[in-house]
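The sequence and structure follow.

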Amino acid sequence: MNTAETLKQRVQSEVDARREELVDLADRVHAMPEVAFEERKSAALLSRVLEANGFEVERGVAGLETAFVATARGHQPGPTIAILAEYDALPGLGHACGHNLIGAAAVGAGLAVTAILPEMAGTVKVIGTPAEEGGGGKAIMVDAGLFLGIDAAMMFHPSSKNLTRRGSLTSYKIEVEFHGKPAHAAAKPDEGINALDAIILTYNGINALRQHLRDDARIHGIITHGGDAPNIVPEYAAARFYVRAADVPYTRDVIDKVRGCAEGAALATGARLEFGEFAPHYENRLPNPVLSDLWEANMAALGLTLDEPEERMGSSDIGNVSQVVPTIHPYLAIGPEDLGGHTAEFREAARSPAGHEGMIKAAKILAMTAVDLLTRPENVTEAQRTFAEQKALQSG
């Protein structure tokens, strides 16, 4: 009978056997960068490889043209494990966040596990999730119920460090619009109501608010419309802001405070305020401790060590997944510690030998962790128990 350790050796060998194929896959996605919701070629390429290797593929899920779910089943029912793929690029920068490596690693892990899946109970799904960079594909897929029935979800992200339990901030998008009254700015300014003044007062009010927020809170934004001509009192002005924090309840508190700044500006200027949020929201990430333990043990088996935790963090739609199912989103280094994401340097690292090596290691660890869950259902039970504890603690 195959032990878990024997099966882990086999999935590692399977990834090694497919190394050239996976590197080519990562580089092909890198060479055709497609931004949020436009990843037609990348999604088609990744899903075709899975389909050619025995996965049942459903495309266009959750009403998203470039989302897919690829499913492979064992010889009998058991845990359902999701390995998540990303493949969208950044506007103007291409794959400067390394999503080409994420997609190839997810495919590699899925193919490695299916090589042994006929001997196991359970199901593996490789889920193609578009538009992480601002579009919130995973958030949309969560809302559509795509993660119902999933027992555990995992993915990896390239980085300058090896990190496992790093969380993320929420990210809520708001839009502030003011409607004033136009007038000649020189001849009859007293007859106008200046919508731009209201935006500027809102901006300044937010700046004054910062001192009185928790350290984890972030408010940042831009003025998207400031008027039409200098000699016309601006009739319309608008700004867009992101509000972030470590948890949803405090994010909602901060949004209320920002709304108060805008309402005060409306009162001061006489402009009419329109204040709205626009979806999707990114929720904070809950790294599951049981899944993290498994990942770290498999990292160590490959000779990798963890780096010091990174306190600074951004936001990702994987947070929405982590709010409904036990989830991990570890990072593996593909370059030096001063390598910054969303840069031309990171884009080059994502197609470098170091990037390829990080992707191969990620595919192995993802597959090994899937083996831990499929062969030992008690790991799934424990992950779900700790997930319930995390949710209860978060809700207070």
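A helix axis is here a line fitted to C-alpha atoms over the stretch in contact, and angles between N-to-C directions run from 0 to 180 degrees. The model is predicted.

**Helix packing**

The axes of helix H2 (residues 19-31) and helix H11 (residues 353-375) come within 10 Å of each other and cross at roughly 120°. H2 is therefore oblique to H11. The crossing in which H2 passes H11 is right-handed. On the H2 side, Arg19, Leu22, Val23, Ala26 and Asp27 take part, and they meet His356, Glu357, Met359 and Ile360 of H11. Five residues of this contact between H2 and H11 are nonpolar, one is polar and three are charged.

Helix H3 (residues 40-52) packs with helix H4 (residues 99-114) at an angle of about 5°, and their axes lie 10 Å apart. H3 is therefore roughly parallel to H4. The residues that meet are Leu46, Val49 and Leu50 in H3 and Gly103, Val107 and Leu111 in H4.

The table lists the residue classes in the two contacts.

An open sheet of mixed pairing is formed by six strands in the order E1-E2-E4-E3-E5-E11. Strand E1 (56-59) and strand E11 (327-328) stand at its edges with a single partner strand each, so one side of each has no neighbour in the sheet. Within the sheet, strand E2 (residues 68-73) and strand E4 (residues 121-128) run antiparallel and are joined by six bridges. Arg73 stands opposite Thr123 in E4.

Note on methods: Residues are numbered from 1 along each chain as its sequence is written. This is a predicted model: local features need pLDDT of at least 70, side-chain atom pairs count only at pLDDT 80 or more; totals for chains, interfaces and linings use all residues. Side-chain values use heavy atoms; hydrogens and water are left out. Helices (H or I, at least four residues) and strands (E, at least two) are DSSP runs, numbered from the N terminus. Angles under 35 degrees count as roughly parallel, over 145 as roughly antiparallel, 65 to 115 as roughly perpendicular and the rest as oblique. A crossing is left-handed if the near helix is turned anticlockwise from the far one by less than a right angle, and right-handed if clockwise. Contact means heavy atoms within 4.5 Å. Ala, Val, Leu, Ile, Met, Phe, Trp, Tyr, Cys and Pro count as nonpolar, Asp, Glu, Lys and Arg as charged, and the others, Gly among them, as polar. Two strands pair if DSSP finds at least two bridges between them.
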